[in-house]
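Please read the following briefing alongside the sequence and the coordinates.

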Amino acid sequence: MEAMVGIYIVGMTYTPETIEPKWQRRWAERRTNEPDLDGAPKPFYNLMMFPYPSAEGLHVGNFYAFTGADVFGRFQRLRGYQVFEPMGFDAFGIHSENYALKVGVNPAELIPKNIKNFTRQLTALGGMFDWKHTLATTDPAYYKWTQWIFLQLFKAGIAYKKKAAVNWCPSCKTVLANEQVEAGVCERCKSPVEQRNLEQWFFRITGYAERLLANLDDSDKMDWSASTAAAQRNWIGRSAGAQIDFPTAAGSAIRVFTTRPDTIFGATFMVLAPEHSLVEAVTTAEQGAAVDRYRRAAAAKDVVSRRVGDKEKTGVFTGGYATNPMTKKPVPIWIADYVLMEYGTGAIMAVPGHDERDFAFATRYGLEIVRVIAGAEEPDSAPLAEAMVEIDGCRLVNSGQYSGQSVSDGSKAIVAALEAAGIGQGMVKYRLYDWCISRQRYWGPPIPIIYCDGCGPVAVPERDLPVELPLIDDFRPDDSGISPLARHKEWYHVGCPECGKPARRETDVSDTFLDSAWYHLRYLSTELADRPFDSARVKRWLPVASYIGGNEHAVLHLLYARFVTMVLHDQGLLHFDEPYRRFRAHGLIVKDGAKMSKSRGNVVIPDEYIAKWGADSFRLFLMFLGPFEEGGDFRDAGLSGPRRFLERLWDLVEQCERRTLTGEELHRSIVVKWHATKKKVTGDIEALGYNTAIAAMMEFLNAMRDSNCSERSIVKDLVIMVAPFAPHFAEECWERLGGQSSVFDAAWPTWDEALTIDSVVEIAVQVNGKTRATVRIPRGASESGALERALRDPTVKRFVEGKERKKVIYVKDRLINIVVAG
RNA sequence: GCUCGGGUGGCGAAACCGGUAGACGCAAGGGACUUAAAAUCCCUUGGGGGUAACCCCGUGAGGGUUCGAGUCCCUCCCCGAGCACCA
């Protein structure tokens with residue numbers, strides 16, 4: 001018999017380099033991954049964040065995210081769902097444009113090449129993608145409908161135009177995105193960046209703030225990673241307070257927003273944002289020059305450094321005074337750039353005693369600081385060495401009739417008094433800004449608006465969509481400060497759709513986040529040219545059942561997609577108002593503890609790993625690295641483990657193919673372990689606990705080998721369970737085991753709950769809480785039985801003998817703890 | 001500063017509701033096979049002590065609750081991510 005061992009059968013080795021292309025070909029030929037969008041009885045929409053097709057190709061971080069999402073999709077498919085798993089390309093935007101500028105080639109020429117390369121990589125990965133329904137946001141057939149969506153918002157009054165500050169590089173003569181500004185200078189030419197006020201298009205997302213917030217708590221609509229939901233709550237930034245008018249000698253009152261109306265008696269001065277419209281009215285002749293100088297300096301700063309929080313506070317006295325409506329005292333009016341025009345009313349009542357920023361400002365300029373809040377044991381006029389911001393257990397002091405009240409009572413009473421006097425009211429404000437969608441750039445969908453001197457801004461009629469982005473040679477921004485599209489005269493000049501007179505096109509293009517705010521709708525209907533999305537398909541497939549993506553998009557993309565969905569819902573176009581039923585944020589793959597980036601030179605390209613180990617081993621390896629929702633450090637050292645696992649499973653398939661096992665005794669231990677493994681793997685995958693699911697399968701495979709078992713039905717089910725992780729491998733094994741169609745048409749294994757637990761358990765025996773031994777007893781044994789068995793153990797005996805037994809704690813099937821004296 | 005994660009062997013990590021800490025994998029060491037190596041297979045592997053049976057210590061630090069704490073409570077330190085003058 002010994003001669004049998006070590007026989008090597010030619011052609012039976014696991015060779016991913018031949019198996020993987022074979023199955024990728026078959027999947028395409030058999031249309032394995034193209035569900036019937038119009039008739040699927042159990043549809044499951046499995047979405048992942050589409051990539052921006054860079055020239056470098058996909059890196060390991062992308063592969064990690066896609067694999068994790070794909071595993072879940074394949075799992076759902078095996079559980080009997082028809083899974084729609086589309087993939088597309090987010091190809092517009094500043095990254096493409098900057099790269100194109102650098103190499104001097106129009107992005108329209110570069111993008112198709114990049115997409116081709118991405119498609120090759122994604123195919124090699126073995127994703128369950130429905131390539132029949134792919135899309136690229138740069139395709140006119142796609143952005144036609146992006147423009148259509150803009151028009152829906154325009155018609156609903158949600159899109160509007162206003163002046164807003166942008167970063168302007170005077171040397172490059174172009175608008176910069178915030179991330180292109182580094183420490184106040186242009187990242188390309190290093191010249192100081194300034195602000196410019198341009199007319200831009202906005203979406204009134206602030207009108208949806210309350211709803212965007214409320215839905216986050218509605219578990220019927222949203223089952224999201226807590227971290228993502230928290231980021232959104234943060235970003236929306238609801239704060240409750242009051243709006244209060246402070247009369248001025250100049251006539252018009254200054255309206256402020258505060259979250260602490262209870263501290264109004266401590267408001268000893270006021271601060272306006274430098275851009276505030278009342279600055280001129282309140283400024284006196286003597287202060288005029290200083291105020292002007294300060295306002296000009298503030299305007300010269302770039303948008304980013306204006307907002308940096310830790311810099312020293314500066315400001316200028318306007319010479320004017322307002323009256324504190326509670327103390328009736330005059331309070332000086334200052335301007336300072338720590339007050340932002342964009343938030344609240346652009347003006348504050350400064351309470352230096354109880355606000356850190358106001359305290360710093362007052363200290364620097366010698367302004368009065370009054371205590372109006374004191375702690376329980378604190379005297380009313382204890383000096384303030386710093387701003388005192390505590391609220392709990394504090395009371396109002398030096399606040400007239402309100403002194404002595406708690407912060408919350410005082411707050412309510414003061415707001416009521418202000419409301420009664422008609423000079424204030426309780427109010428809620430949000431940190432959330434309206435979404436600026438204008439980009440003074442080339443590489444984006446043109447905003448479909450035409451300006452007519454007679455009719456004003458007119459929507460491009462739907463029949464004229466798309467407004468195609470012209471292919472122009474010089475897409476470089478120039479001195480004019482407006483989009484390069486304005487130079488393309490035959491495109492720029494157009495007849496007014498309403499009156500026919502000469503008119504001009506909007507030259508701004510829209511933000512890429514608008515492209516990605518609705519792509520999940522388009523995937524379903526990519527072959528339909530006459531509508532953005534087919535409503536019957538929308539009804540069948542949406543909202544998205546599972547969306548997996550990175551938390552770097554926690555606020556922008558995910559919030560904008562929710563907002564656009566709400567608007568379309570309100571227009572009666574969608575039957576739901578939240579697009580993603582379940583969202584899970586995956587972790588980040590880093591390299592040597594740092595984010596992968598080209599500048600660091602630590603980007604890992606997956607192609608070589610797939611070539612060396614095979615996509616299946618690589619997928620398994622990535623998923624085994626650690627918890628999927630936490631990410632991890634990429635280290636290629638561990639790749640051999642998953643590969644070995646596949647080879648051993650391959651051998652097991654091989655064994656049950658060759659041997660006809662009749663009457664092989666299935667040990668009870670294997671049966672129990674098998675049922676427990678099926679249960680664990682199922683539960684773990686459901687919760688995205690991929691690493692532990694894989695560990696459980698490895699452990700079970702080890703058990704099979706140890707007990708020399710290769711029971712065919714078990715091996716078949718094990719192959720099904722590794723299929724989500726190693727799809728090509730599983731297909732090949734399935735075929736060898738006699739499977740006729742795809743392994744993904746098989747059914748996910750089920751288990752017998754009663755067989756997941758053994759009839760004999762090993763319990764810990766503790767003496768005074770320290771484990772001294774373990775004993776095997778029947779499951780569900782009584783305390784007396786367990787104790788009797790435990791006391792027979794020699795080690796336990798030594799620790800309890802001659803001592804008074806005070807107490808016995810028995811946790812059934814777990815442990816028994818004997819507490820003794822001394 | 002705020003919010004959310006996290007800190008467990010040489011490394012990646014596991015541990016249900018408070019109940020045998022370190023599953024699974026990597027690396028390392030030893031052995032088998034081989035002329036040899038690779039591959040494969042078997043064994044060992046948290047630290048310390050002991051000839052051994054065994055014993056002590058151990059989950060970032062310090063306290064606490066408990067028969068029992070990686071897990072709960074308090075105080076603090078460190079790392080990562082995001083937001084950041086939001087009135």
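**Briefing on chain A**

Arginine 619 and aspartate 70 form a salt bridge, in which the closest N and O atoms are 2.7 Å apart; a salt bridge here is a side-chain nitrogen of Lys or Arg within 4 Å of a carboxyl oxygen of Asp or Glu. This pair links distant parts of the chain, with arginine 619 in helix α19 (residues 615–624) and aspartate 70 in helix α2 (residues 60–78), 549 residues apart. The model is a predicted one, in which local features need pLDDT of at least 70 and side-chain atom pairs count only at pLDDT 80 or more, whereas totals for chains, interfaces and linings use all residues. Residues are numbered from 1 along each chain as its sequence is written, chains are lettered from A and ligands numbered from 1 in the order in which they are written, and side-chain values use heavy atoms, with hydrogens and water left out.

**Overall make-up**

- Chain A contains 26 helices and 33 strands, where helices (H or I, at least four residues) and strands (E, at least two) are DSSP runs numbered from the N terminus.
- Along its principal axes, the C-alpha trace of chain A spans about 110 × 85 × 50 Å.
- Of the 822 residues in chain A, 53% are buried; buried means under 20% relative accessible area, exposed means over 50%, and partly exposed lies in between, with a 1.4 Å probe and protein chains only.
- Chain A exposes about 35900 Å², of which carbon and sulfur atoms supply 51%; accessible areas come from the Shrake-Rupley method with a 1.4 Å probe, and for residues only the protein chains shown count as cover.
- Among contacts between residues at least 6 apart in sequence, 71% join residues at least 24 apart, a contact meaning heavy atoms within 4.5 Å.

**Charges and salt bridges**

- Chain A carries 100 positive and 104 negative side chains, and the centres of the two sets lie 2 Å apart; Lys and Arg count as positive and Asp and Glu as negative, while His and the chain ends are not counted, and the place of a charge is taken as NZ of Lys, CZ of Arg, CG of Asp or CD of Glu.
- A search of the whole structure finds 39 salt bridges.
- In the opening pair, arginine 619 counts as buried because its relative accessible area is 0%, and aspartate 70 counts as buried because its relative accessibility is 1%.
- Lysine 22 forms a salt bridge with glutamate 732, with 2.8 Å between the closest N and O atoms.
- That pair links distant parts of the chain, as lysine 22 is in helix α1 (residues 16–30) and glutamate 732 in helix α24 (residues 727–736), 710 residues apart.
- Arginine 736 forms a salt bridge with glutamate 654, the closest N and O atoms being 3.3 Å apart.
- Here too the pair links distant parts of the chain, with arginine 736 in helix α24 and glutamate 654 in helix α20 (residues 640–658), 82 residues apart, and both residues are buried.

**A buried lysine without a salt bridge**

- Lysine 313, found in the loop between α10 (303–306) and β12 (315–323), is buried yet has no salt bridge, and the nearest side chain of opposite charge, aspartate 355, is 7.8 Å away.
- Leaving aside residues up to four places away in sequence, lysine 313 touches Tyr338, Arg357, Ala360, Phe361, Arg364 and Tyr365.

**Backbone features**

- Most residues other than glycine have a negative phi, and most peptide bonds are trans.
- The peptide bond from leucine 465 to proline 466 is cis, with omega near 0°, and proline 466 lies in the loop between β21 (456–459) and α13 (489–492).
- A cis peptide bond also joins leucine 542 and proline 543, with omega about 0°, and proline 543 is in the loop between α16 (535–541) and β25 (546–550).
- Asparagine 708 has a positive phi of about 55° although it is not a glycine; asparagine 708 lies in the loop between α22 (690–706) and α23 (712–722) and is exposed, with a relative accessible area of 54%.
- Asparagine 768 has a positive phi of about 55°; asparagine 768 lies in the loop between β30 (760–767) and β31 and is partly exposed, with a relative accessible area of 42%.
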